[in-house]
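Me: I have a structure to go through with you. Can we take the terms one at a time?

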Amino acid sequence: MTDKELIKQLITSSQERIGDKKIVPRSISLPIDSSKIISVAGVRRCGKSMLLQLTMEKLIEKGTERSRILFFNFDDERITWNSETLDIILVAYRELFPYNNLRDCYIFFDEIQMASGWQSFVRRVYEDICPNLFITGSNSQMLSSEIASALRGRSLQYEEYPLSFVEMCRFRNINTNVYGDTSRARLSTLMDEYLEWGGFPEVVLTDPSLRQKILSDYYYVMIYRDMVEHFSINPAFVARYYIRRVMENVTKPTSVSKIYNELKSQGISISKDRAYTLADQCEDIYLFLPLYRYTNSVQRSTKSDTKFYCIDNGLRRITLKPQSNDNGKNLENAVFLHLYRQIEMPCKLNYFKGVGECDFVVSRDADV
């Protein structure tokens, strides 16, 4: 089967699947006719694709024909993506639906970071072919100033995360009213589960006996495909060791230099710059989120002051295996994630350490 025939098959099957199963809404929704490129970034399996599915369902409800919706997931190992294969997507769609004008269609590109050179392709599609463009990616650089510059201010940027506790209750159809004794007990039990297993949608909805396997698969893909293979890390042990040490150190400032020295003492020869690069790469794949020390305009944070929090307690659990006396770290990690998803510019989230200490400080730019 040629790339074009495979792409045609994928386009057709994705159109047929729109609305074929009930999807629970998330706390954010995407605008439909904004005249901007809508980009959604977030860790793998957190629900970005379902957010696109919900948006496509809204289009269908408004009367948009299925044939005018082009959805394509780039996370397919059967195709090697380059400038030529990217263009085949549009050629394949035009051959399938020759009477549709692409300017009147809606294009959804899922996990587009898997294709090298995707920024130029997206910009060209938006400017010359279709103004209704939605993209997702499991790479934090999709939210960086570099990407904003590449898309020349034509994008609206969103971030998606694993489920919040309120979303988890919604997925389980559990009333969040805390005033009833029964409700309070159920919520307390569910919170214990949330702190231990996290909030990935599939994990929340699956049989408890499968959680460990599902999270292990997520971890494997993130570490080996998104990090080790993508960034050509050799040996892979370096990445695994670094991740485990940061997982252990959640809630505390992490010394990359100390981890570098530990690796060196074990005969692993990497440069200190390489060790710091590992920290950036873990952020790139959304495994860790940084929290910087609160400073004034004169004093600046250093890398050694940075705390890292894990994107999901479930991933931390399967990395470290169950450990005693870890409930406090799990709770603080969950509080961080709750605050992090609420913060919008010009507010910032930091921690304070001076004469006293404060785990989380919310400030406005003008305050520092």
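Me: Which residue of β5 does Ala 41 stand opposite?
Reply: Ala 41 stands opposite Glu 159. Keep in mind that this is a predicted model.

Me: What makes β1 and β5 a pair?
Reply: Pairing needs at least two bridges. β1 (residues 37-41) and β5 have 5 bridges, in the parallel sense. So they count as paired.

Me: Why are β2 and β5 said to stand at the edges?
Reply: The open sheet runs β2-β3-β4-β1-β5, with parallel pairing. β2 (69-73) and β5 (155-159) each have a single partner strand, so one side of each has no neighbour in the sheet. The twist averages 15° from one strand to the next.

Me: Which strands does helix α2 touch?
Reply: Helix α2 (residues 48-61) packs on the sheet and touches β1, β2, β3 and β4. Its direction makes about 170° with that of β3.

Me: How do you know about Cys 46?
Reply: Its closest cysteine sulfur is in Cys 310, 13 Å away, and therefore too far for a bond. The structure holds 0 disulfides.

Me: Why is Cys 46 called buried?
Reply: Buried means under 20% relative accessible area. Cys 46 has 0%, so Cys 46 is buried. Cys 105, at 0% as well, also counts as buried.

Conventions: Residues are numbered from 1 along each chain as its sequence is written. This is a predicted model: local features need pLDDT of at least 70, side-chain atom pairs count only at pLDDT 80 or more; totals for chains, interfaces and linings use all residues. Side-chain values use heavy atoms; hydrogens and water are left out. A disulfide is a pair of cysteine sulfur atoms within 2.5 Å. Buried means under 20% relative accessible area, exposed over 50%, partly exposed in between (1.4 Å probe, protein chains only). Helices (H or I, at least four residues) and strands (E, at least two) are DSSP runs, numbered from the N terminus. Axes are lines fitted to C-alpha atoms, for helices over the stretch in contact, and angles run from 0 to 180 degrees between N-to-C directions. Contact means heavy atoms within 4.5 Å.
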